[in-house]
Amino acid sequence: MEKVEDYGNEEEIFVIYENLDSFVGYDAIFNFTLTCCIVICHFVFLSQSNSSFKKFTSESFLMEFLLQLSFQLISSSTSSEIYYKWRECMSEEMEYLMSSDDNTFWNQLENPVQKCEMLNDLRTIVMEPYNNLDETKYSILPICGNTVMSVVTLGVGQDVNAEQEMKKRIGNYSVQFYGADPIVEGNDELFSKVGTFFPFAVGNSSRMGTASVLLDGNSNCSSFSQKLGFLGVYVEKRVIHVEFVQFLKGIIGKTFYDNIWVDGEYAEYELFEYFYNGGQLDREGITVCQFNMEMHLPDAIRKKQFKNFITRIYEDQRYAFFRPIRGNHIRLFFVNFRDPICAKKFISENSY
């Protein structure tokens, strides 16, 4: 993409959209930049000619105004139109993958996902990255800035960098974080700085059970990892689990969630069915607009579960999935295009 010329004062707006060219199309950037330049010129002219107007030309005021203006980058298409363009793009390769073996599905899924997230309508939807020490979480922010987001972290893992980035990005009073992790040491103190912490694992049933947990890097049993500069070490430990719906609806007490960040060290596999049409979330009237999920390195059984999960999500035609990151694990970002409240809040102000 051609480089957009720098006009000086407005350059700070692009700090917010790091690597902007990978998220929005050229036409959107050009129109947005031109509009910003015109707006700033008017502000400067008025402040020069009218002393009483100078109070409106502070850096904070300009930045807030341009942030609100930036929401006009949202596509004029309806959410259903955008979704079906994505599905049409995915169709041929997904049909092949769904008929292939589990290993092929696991190893090649990112190919159509990476191709189809470059569609013009999708490139106008800003999927913002929020970086932890060893991973990246994604979120689309509301089209209207005057709203509150509820975000759940399943698996704090001694790291709240992503949550802190989001709070800095949209303001302390615009996002409510709820985090669950069975390891209290380290996680409680860290997460309490950004939201409400719950000292248990989350799964498909309430029970005492074994979970893979990350111990605080300052604990005695992780001195070796501390010397290497790691956060800590993963160990198998018996911990309290709370069932997913009970956590969301019974303990937090909400039925609408803007984003859920799932990094449960293999616990994600037992949560798959919750997100299906007619699954436990639907039956309890719980809406999830977006979720990030890390699928950890699977054995043969889990590869089949992964294939079944993605196939069902695709066939349900509610969530589209983006931003594949592959290492030993696969991370994906899922967006709800079907729910009318989610669609209007995050995708398009036009009707579903």
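**Helix packing and disulfides**

Helix α4 crosses helix α13 in a left-handed sense. The model is predicted. Two packed helices are described by the angle between their axes and the distance between the axes. Here, α4 (residues 79-98) and α13 (residues 300-316) pack at about 145°. Their axes lie 11 Å apart. On the α4 side, the contact is made by Tyr83, Trp86, Arg87, Met90, Ser91, Met94, Leu97 and Met98. These residues meet Lys307, Ile310, Thr311, Tyr314 and Glu315 of α13. By class, the contact comprises eight nonpolar, two polar and three charged residues.

One joins Cys89 to Cys116, with an S to S distance of 2.1 Å. The torsion about this S-S bond is about -90°, so the Cys89 and Cys116 disulfide is left-handed.

Cys289 and Cys342 form a disulfide with their sulfur atoms 2.0 Å apart. Its S-S torsion is about -80°, so the Cys289 and Cys342 bond is left-handed. This pair also links distant parts of the chain, 53 residues apart. Cys289 lies in the loop between β11 (287-288) and β12 (290-295), whereas Cys342 belongs to helix α14 (residues 340-347). Both cysteines, Cys289 and Cys342, are buried. With the bonded cysteines numbered in sequence order, the pairing is 1-2, 3-4.

Cys144 is partly exposed, because its relative accessibility of 43% falls between 20% and 50%.

Technical notes: Residues numbered from 1 in each chain as written. Predicted model: local features only at pLDDT ≥ 70, side-chain atom pairs only at ≥ 80, totals over all residues. Heavy atoms only, no water. Axes fitted to C-alpha atoms, helices over the stretch in contact; angles between N-to-C directions. Helix = DSSP H or I, 4+ residues; strand = E, 2+ residues; numbered from the N terminus. Left-handed = near helix turned anticlockwise from the far one by under 90°. Contact = heavy atoms within 4.5 Å. Nonpolar A, V, L, I, M, F, W, Y, C, P; charged D, E, K, R; others polar. Disulfide = S-S within 2.5 Å. Buried < 20%, exposed > 50% of the residue type's maximum accessible area, 1.4 Å probe, protein only.
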